[in-house]
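I opened the notebook to go through one structure, item by item. Entries follow in the order in which I looked things up.

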Amino acid sequence: MTQAPNPADPADGPADVKPAAGMKRVAVVSMIGSLIEFYDFTIYSTAAALVFARVFFPALGSVAGSVASYATLAVAFIGRPLGSLLFGHFGDRLGRKRTLIFTMSLMGGSTVIIGLLPTATSIGIVAPIALVLLRMAQGVAAGGEWAGAALFTFEHSPQARRGFWAMFTNLGGAISSILALGTFLITGSYMSDSAFVAWGWRIPFLLSIVLVVVGLYVRLQTEETPDFKAAADRRRKADALPFKEAFAHQWKEILLGAGSLVPAIALAYVGLAFLTSYGTATLSLPRPLVLGAVMFGNVFNLAAIVTGGILTDRFGGRRVMIIANAVGMPWVLALFPILNTKSLALFWVAMAVTFSIAGIGFGVAGAYLSELFPARYRYTAAGISYSISGVVGGAIPPLVAASLVPAYGGFVVGIFLAFYCLIALGCTLALRDTHNTQPATTPLPQPEPQPETA
C-alpha cells in the first residue's frame, strides 16, 4: 500500500501554487483543451450510434452492423491504456505541456481523416479497417489526454481547492458532449435522413480542425506545472521507468481507483452511445428529440461535475464516490422499465438522472486519482487507472447492451450495470481516504552500496 506522506521530502509535495486569478486561467486552459479533445472523441460515439452501421457495415444487417459499430467504439477504450503508458512516460519525464500538445494533434488529425474516409460501398473492406485504425489512434490520444489535463489544474491548485479546480478537465468533457450532440442535431435537422447518412455526418468531424487549431494555440501559451518542476531532481535520481515504479509501489491503488470510477463512465457512455440508438431504433422516438434529451442530460452532467468537485473539497472524494456508486444501483435497475414506457418526457427525465449520477463521479475523479500518486509517476499511474475504468466502463456496456437487448430486453442491461455499481462500491471502500492529506509519496530506489577503496 502507499506509504504515508513524508514531510521531509518536498519534491513530491505541493509546490508553490498560483493565486486565484492565475488558477482561473489554468482552469480555463485545461477545460478548453479537454473540451476540444473530447469533442472529437464524442462525435465518434454519436456517429457510431446513428450512422456507422449503415455507412461502414452495410453487409452485416441492422443488428450485426450495430454490434460491429459499437465494437469500433470499444477499440478506442482498448487503446486508452496504451496511450496512458506511452504518454504517461513522456508526461512524467518530459513534462505535462509538451505531451498534451502532442495528444491533441494526434486526436485532431485522426478525427479529420475519419470525416474524409470513403464508405464501405466505395472501397469495400478497406473502409472499416481504416476506421478501426483511426479509432485506435483516437483512443491512444485520449489515454494520454485525461491525466495530463487533470494534473495540469491539480498541480497548480491549493490543497483546499484541489477538487474544485481538478474537475474542470471533466467539465470540458461534458461541454464537448453538448457541443458534439448539438452539431449533430443541427446538421440532421436541416437535411433528410438519406443526406445525413450520405454526407451530413461528416460535417462535425471536419469542423473539429478549427477547434484543434484553437486548442493548440491555447496550450502553447501555458506554463509547465510547479509539481513537475519540483519533482525534476527525483526523476533524475530514479532509475525505474514511471510505469514500472507505479506498478511496483501502487498497483492496488491503480486497480481500485479504476474500479471505483467504472459506473460513472458506464452510465455516461450508455447514455451517450447506446441510448441514442435505443431511443430512435427501439422506442421509435424522433431522432432530433432523442438527441435533445441526451443534450439535456449532459447539462445535468455538467452541473453534477461542478457539484462533485465542490463536495470533494468539503467531504473528500472517497465519501462522495461511495454515495454515487450506492445511488447508482437502484437507478440502473429502474432505468429500462422507465424507458420502455416510450414516454418522451420520461426519456428526458431518465437522461437527466443517468448523467447526474455519472457527473458526480466525474467531478470527483480528477482530484481523487491525482491524490493517490506522487508527482514522479502521477501522470502514468492516474492515466492508467482512468483508462482501465474506460475499458471496463466505456467499451463493454454499449457492446453488451447492443448484443443482449434484442434477445432479452433492457432489464438485463440494468442488472449488468447494477453489478458494476456493486463492484465499484467495494473498490471505493477499499481505497484510503485522501481528504485533507498531501499527495502520496514513495521512497526512491536506493543505489547498491559501493565497496570501500583503500
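Is C427 buried or exposed, and what is its relative accessible area? I looked this up in the predicted model. C427 has a relative accessible area of 14%, and with the limit for buried set at under 20%, C427 is therefore buried.

**Cysteines**

I next checked C421. Its relative accessibility is 2%, so C421 counts as buried. I then searched the whole structure for disulfides and found 0.

**Helix 6**

I turned to helix 6, which covers residues 126-154 and has 29 residues. From its first C-alpha to its last I read 43 Å, close to the 42 Å expected at 1.5 Å a residue. I also looked at how covered helix 6 is: 24 of its 29 residues are buried, so I noted the helix as mostly covered.

**Aromatic pairs**

I counted ring pairs and got 17 aromatic pairs. I took F87 and F102 as one of them: the ring centres are 5.7 Å apart and the planes stand at 45°. An angle under 30 degrees would count as stacked and one over 60 as edge-to-face, so this pair is tilted. I noted where the two residues lie: F87 is in helix 3 (residues 62-93) and F102 is in helix 4 (residues 96-116). They are 15 residues apart, and the pair links distant parts of the chain. F87 is buried, with a relative accessible area of 4%.

I then looked at W201 and F205. Their ring centres are also listed at 5.7 Å apart, but the planes are at 85°, so I recorded the pair as edge-to-face. W201 has a relative accessible area of 0% and is buried. F205 is buried as well, with a relative accessible area of 0%.

Which residues do ring pairs link into a cluster with W201 and F205? I found Y44, F52 and F56 joined with them.

**Charges over rings**

I looked for charged ends over rings and noted two cases. The charged end of R161 sits over the ring of F164, 4.6 Å from the ring centre. The charged end of R287 sits over the ring of F196, with 4.6 Å to the centre of that ring.

**V327**

My last entry is on V327, which I found in helix 15 (residues 317-339). Its relative accessibility is 43%, so V327 counts as partly exposed. I also checked V327 against I357: the two are 30 residues apart along the chain, and their C-alpha atoms are separated by 7.7 Å.

Notes
Residues are numbered from 1 along each chain as its sequence is written. This is a predicted model: local features need pLDDT of at least 70, side-chain atom pairs count only at pLDDT 80 or more; totals for chains, interfaces and linings use all residues. Side-chain values use heavy atoms; hydrogens and water are left out. Helices (H or I, at least four residues) and strands (E, at least two) are DSSP runs, numbered from the N terminus. The expected span of a helix is 1.5 Å times one less than its number of residues. Buried means under 20% relative accessible area, exposed over 50%, partly exposed in between (1.4 Å probe, protein chains only). Rings of Phe, Tyr and Trp (its six-membered ring) pair if their centres lie within 6.5 Å; planes under 30 degrees apart count as stacked, over 60 as edge-to-face and the rest as tilted. A charge sits over a ring if NZ of Lys or CZ of Arg is within 6 Å of the ring centre and within 35 degrees of the ring normal. A disulfide is a pair of cysteine sulfur atoms within 2.5 Å.
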